[in-house]
Every structure is written in structure tokens, then in C-alpha cells.
Amino acid sequence: MSSSYLPATTDSIAQALEAKTPSEAISILYRVLENPSSAPDALRIKEQAITNLSDLLRQENRAEELRSFLTQLRPFFALIPKAKTAKIVRGIIDDVAKIPGTSDLQISLCKEVVQWTRAEKRTFLRQRVEAKLAALLMENKEYPEALNLLSGLIKEVRRLDDKLLLVDINLLESKLHFSLRNLPKAKASLTAARTAANAIYVPPAQQGNIDLQSGILHAEEKDYKTAYSYFFEAFEAFNALEDPRAVFSLKYMLLCKIMVSQADDVAGIISSKAGLQYVGPELDAMKAVADAHSKRSLKLFETALRDFRAQLEEDPIIHRHLSSLYDTLLEQNLCRLIEPFSRVEIAHIAELIELPVDHVEKKLSQMILDKKFAGTLDQGAGCLVIFDDPKADAIYPATLETISNIAKVVDSLYVRSAKIMT
């Protein structure tokens, strides 16, 4: 960094823009910020220089330098309004977030900023940085720390009645509880977010987030029709904003169609005007799963899971529901295969279904315990013995009905005798 500063003027900003290399532009902007002038025009130029410098450091992937740059700016923040300070700080944190592989750096940066805002008593900025920190901790799977941070933050924000921030925090808390598999609390937090959102204007992107989370929770409860409608609302919001999350909303819509055995509709949705914009690996994966489900083919299903591992296995929501779908499909196929037999070798069933013998034997024993069919495994002979479905004896229900009717007659006679005695 050069020791001589440049004048804080538009000419200096233009000089940085015309620089031949990013390093030269960065050096010029640093020299502009070294200018000691605190005149209103100079401060405005410096704010522009900070924005440009932050963008250049992000493009150059210089995350550590962005972190130290934010620390260097603290004396400058004393000269400008708190609202502008908040905008600059959050902008630099967002720029660091755009550099790949910086999750740990982002967490330490947010913790530093929180400490500084506490010392400077900048409550508005601190609350928003703490919300960002909680989101980063959740992404890093540090759930207890994130939950503790959110618990205190929610109480504080409720007292201040900052509805927009309350929506963000409640939605984040819902996602956190969902990650911890605590569905009742996840639903309660989402309801609180919706209640706060109904009282104010919520930006379309945030409304899309709320609808997406609602769809995820309904899908978890196997209410796929309601989940589909929420995913559709989220998709429309994100699609209008050209937000990359639109493709995930569309992917979850297709998942709902598959889970309610309407896999034939998947191709129509993908080939629609809105769907064609997002054609790619994500939708190809769902189409492969839909084809396997339509054909009731476990082999095609496993091929889809293998070919599209990143799109299916690594998405926790898709993976959870497809595991359930795979089990259902396996049970249906096994029931169809064993139906003609009263005694059959397990190896023969494994050959027909094209799965390992151990896997088939384990699943059959589970189905017998779950009373999906009546039978037993003869492991000595390696056979499955299927029993005829036991016929329900009608005498027991008839006996219970007779006893119930006699009880009613006795009660009626007791009431009549009581009336006569009085």
C-alpha cells in the first residue's frame, strides 16, 4: 500500500476504474481511503471507494484481506451515520460469503463484528449480524450454539417489535428445529414467522422462503398435496425474481407428484414453459426417479440414485423421502413376486428382483414382523414359507355386539325401576 494518499474525488474513482489490473485499482482505492479529509463530499467518495474495493477483493478471492479491511474501516465508521455503517458492514460480510470455502472465516468475522457492535452499542447492526451468525452456525451443523444465540435474540427483538427481523429469526429457528428433527417446535416457529409476516409487507424473496419451509414441513408429515401447493407458491416467487432457489422449489414439486403416485405428471411439468427454463441435472434426476416409479422398477430406481448422487443423495430432504419411497417400492415388488408361491427359495426371489440375497432376506423378515404378509423364514433351507391369510372368525365381533346390547337393556331397566321407586 502506498504511503501517499489521493484526493477523495470522482477523478480518483475514475482512475481506479480505468486501471489495467485489479491490483492497481485496489492500490488506488486504498490511497483514496487514506485521505484524512472528513468533508461531506469526501465521505461520499470514500463510501463509493469502499464499495468498489470490496467488490474487487471479492473478485480476487481475497477473503482475509476483506476481513482486515473491515477492521481498518472502524475509525471511518465514527464519521458516517449508523445506517450507512450497517449497510457497509453487512455488504462486506456478504462479499466474504460469496467467496467459496470461507464458512469458518465468515463465522469468526461475524463474531468479531458482534463484539465490536456491543462495544459501540450499535444494537440494530448487532442483531442482524447475530442472525447471520446463527445461519452460518446452522450450515456448519453447530446446532446448540446456533439455538442458544437465537433464543436470546428472539426475546430481544420481540421487545423492540422489529417485525421484519422477527420473521427472519423465526424462520431460521424453524429450519434449525427441523434440522434437529423437532417437528412440533419447527411448526411453532414457522407459525410465529407467518404471524409476524401478516402484520407487515414482506419482500417476495422472504415470502418464498416461508412458503418453501411450509412445504418442507407438510411433506415431512406426508401431506404431499398441501406441500405441493406451498412449493408451487415458492417457485412462482423465486422464478419471478430469477432466484436460483426456484429450481429447488420445482424439484420438491416433482417429488410431491412422485410421492402421491402421480409420476406421469412429472414430464408435463418439466416440459412446461416455466419448467424448461430450469432443465438440467436437478430435473433430470427427478425425471429418472419418476420413470423408475412409473415402471415399478427397483433396478432403474437404484440406477437413478447412482447416476444422480449429488442431486438426490446429497439433498437431505429429497434423500429422506426417496428412502421411504424405495422401501415402499421394494415391499410392493416383493409382495407381487411371492404371491404365486406357498414356499419359495429366497435366492430365487433375489434373482427375480435383482438384489443381493442378504438384503432381500432382511427385508422379508421386516415385512413379516410388520404383518405385511403371513409367513416365516426357514433359514436352514434358505426358503420363505407363506401362509394362507387367516380368516377372521365372525363369532367374536357378534358376541361383543350381543354383550353391548344386553348392557344397554340392563341400563334401560335400571332407569325405569328408579323412576317407579320414586
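Arg62 is partly exposed at a relative accessible area of 26%, where buried means under 20% relative accessible area, exposed over 50% and partly exposed in between, with a 1.4 Å probe and protein chains only. Its side chain meets that of Glu65 in a salt bridge of 2.8 Å, N to O, and Glu65 also counts as partly exposed, at 21% relative accessibility. The model is predicted, so local features need pLDDT of at least 70 and side-chain atom pairs count only at pLDDT 80 or more, while totals for chains, interfaces and linings use all residues. Residues are numbered from 1 along each chain as its sequence is written, and side-chain values use heavy atoms, with hydrogens and water left out.

**Salt bridges**

- The whole structure holds 24 salt bridges, a salt bridge being a side-chain nitrogen of Lys or Arg within 4 Å of a carboxyl oxygen of Asp or Glu.
- Glu220 and Arg320 form one of them, with their closest N and O atoms 3.5 Å apart; this pair links distant parts of the chain, since Glu220 belongs to helix 12 (residues 204–220) and Arg320 to helix 20 (residues 316–338), 100 residues apart.
- Within this pair, Glu220 counts as buried at 14% relative accessibility, whereas Arg320 counts as partly exposed at 29%.
- Glu331 forms a salt bridge with Lys372, the closest N and O atoms being 2.9 Å apart; because Glu331 lies in helix 20 and Lys372 in the loop between helix 22 (357–369) and strand 2, the pair ties together parts that are 41 residues apart in sequence.
- Glu331 is buried, with a relative accessibility of 15%, while Lys372 is partly exposed, with a relative accessible area of 43%.
- A network of salt bridges links Arg118, Arg126, Glu130 and Glu156.

**The sheet and its helix**

- Three strands make up an open sheet in the order 1-3-2, with antiparallel pairing; helices (H or I, at least four residues) and strands (E, at least two) are DSSP runs numbered from the N terminus, and two strands pair if DSSP finds at least two bridges between them.
- Strand 1 (343–345) and strand 2 (375–378) stand at the edges with a single partner strand each, so one side of each has no neighbour in the sheet.
- Neighbouring strands of this sheet are turned by 20° against each other on average, direction ignored, the axes being lines fitted to C-alpha atoms, for helices over the stretch in contact, and angles running from 0 to 180 degrees between N-to-C directions.
- Strand 1 pairs with strand 3 (residues 383–386) in the antiparallel sense over three bridges, and Glu345 stands opposite Cys383 in strand 3.
- Helix 21 (residues 346–353) packs on the sheet and touches strand 1, strand 2 and strand 3, its direction making about 70° with that of strand 1; contact here means heavy atoms within 4.5 Å.

**Pocket and cavity**

- Of the 37 residues that line the largest pocket, Ala135, Met138, Glu139, Leu172 and Lys175 lie nearest its centre.
- The search of the whole structure finds one cavity of 30 Å³ or more, and Leu70, Arg74, Phe77, Val113 and Trp116 line the largest cavity.

Notes:
1 Å grid on protein atoms, 1.4 Å probe; cavity = no way out; pocket = protein on both sides within 12 Å on 5 of 7 lines; lining within 4 Å. Points joined across faces, edges and corners; volume = space filled by probe spheres on them.
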